[in-house]
Amino acid sequence: MSWLNNVRNALAFKSKKDQPEENLWHKCKGCGQMVFTREMEENLYVCPRCEHHERIGPKIRFSQILDEGSCAQLPAPKVPEDPLKFRDSKKYVDRIKAARTATTEPDALLNARGTILGHRVVMGVQDFAFMGGSMGLAVGEAFVRGVEAAIADRCPYLIFTAAGGARMQEGILSLMQMPRSTVAIQMLHDAGLPYIVVLTDPTTGGVTASYAMLGDVQIAEPNALIGFAGQRVIESTIREKLPEGFQRAEYLLDHGMLDMVVHRKELRDRLAQVIGYLCGNRAAAA
């Protein structure tokens, strides 16, 4: 081995050793400014400079919304993982394994029991980091299980949506989750229980076309992208330029598709207020 290779190896070892265990800085996707990671965490992952709401996963969302010590995560349902034996540039099972490694979650939707300022709730959270939060058999089954848990507990079902739509690797089986989720919501209504939706960035495709837009109360985070087809697809279809801010939460609120847009700092209190209005004393923790 030459002296040059020895130097390279030594430098590589030194650079790895000197790297900090945690990334101290976070680059805001809204304004592009560098923010201390701890400052972002303390600010609920909202940029203190531009108020951009970063995408967050289920564990962080549970900790932000549910009362401390009340969160009890529901077990993930078991479903066929590759019913169509699908493969594109990679095997579908390999994509699932990679997503599980990256997120440490079993799939794109997790449920938990808990309380919000003393009000009992079953809460579901979609994780966009898991294959774009795409809706497949596991997501559909988790949604149904979440509704069933809410019915058993006689409390509302609250879901935070974040998805690129149906999971193409499961074909028609993923699209079947749209009517399944609709039937589950009707079961919740038949039991006299509220269904509350919080739309986060982004919520699109088949998720928007089903359970994301069927809430008794529709809430969204600021500037969340919400829609079915993409803006470029719509413009090329209708051959017209869409208005500025089209498919953003504030535009949808102005045009009657949402009930409210709520900042993340105010979301917990607002959800408790809504549940209190809809359920009264029934929502109080036992």
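**Pockets.** I looked up the largest pocket of this predicted model and found that it holds about 310 Å³ of space. I listed its lining as H26, K29, T37, M40, Y45, H52, H53, E54, R55, I56, I60 and D201.

I then turned to the second largest pocket, where about 260 Å³ of space lies. Its lining has 23 residues, and R55, I56, G57, D127 and F128 lie nearest the centre. I noted that α3 (58-65), β5 (119-126), β6 (157-163) and β7 (195-203) each give two or more residues to this lining. The largest share, four residues, belongs to α3. By type, I recorded eight nonpolar, six polar and nine charged residues in the lining of the second largest pocket.

**Cysteines.** I searched for disulfides and found zero. C50 is in none, and the nearest cysteine sulfur, that of C28, is 3.5 Å away; a disulfide would require the two sulfur atoms to be within 2.5 Å. I recorded C50 as partly exposed, at a relative accessible area of 34%. For C155, I found the closest cysteine sulfur in C279, at 8.0 Å, which is too far for a bond. C155 is buried, with a relative accessible area of 1%.

**Helix α11.** I checked the length of α11, residues 264-279. At 1.5 Å a residue, its 16 residues should span 22 Å, and its end C-alpha atoms are 23 Å apart, which agrees. I noted R264, L267, L271, A272, V274, I275 and C279 as buried in α11. After α11 comes G280, with a positive phi near 60°.

Key. Residues are numbered from 1 along each chain as its sequence is written. This is a predicted model: local features need pLDDT of at least 70, side-chain atom pairs count only at pLDDT 80 or more; totals for chains, interfaces and linings use all residues. Side-chain values use heavy atoms; hydrogens and water are left out. Buried means under 20% relative accessible area, exposed over 50%, partly exposed in between (1.4 Å probe, protein chains only). The expected span of a helix is 1.5 Å times one less than its number of residues. On a 1 Å grid over the protein atoms alone, a cavity is a set of points where a 1.4 Å probe fits but cannot get out, and a pocket is an open set with protein on both sides within 12 Å along at least five of seven lines; lining residues have an atom within 4 Å of a point. Grid points are joined across faces, edges and corners, and a volume is the space filled by probe spheres set on the points. Ala, Val, Leu, Ile, Met, Phe, Trp, Tyr, Cys and Pro count as nonpolar, Asp, Glu, Lys and Arg as charged, and the others, Gly among them, as polar.
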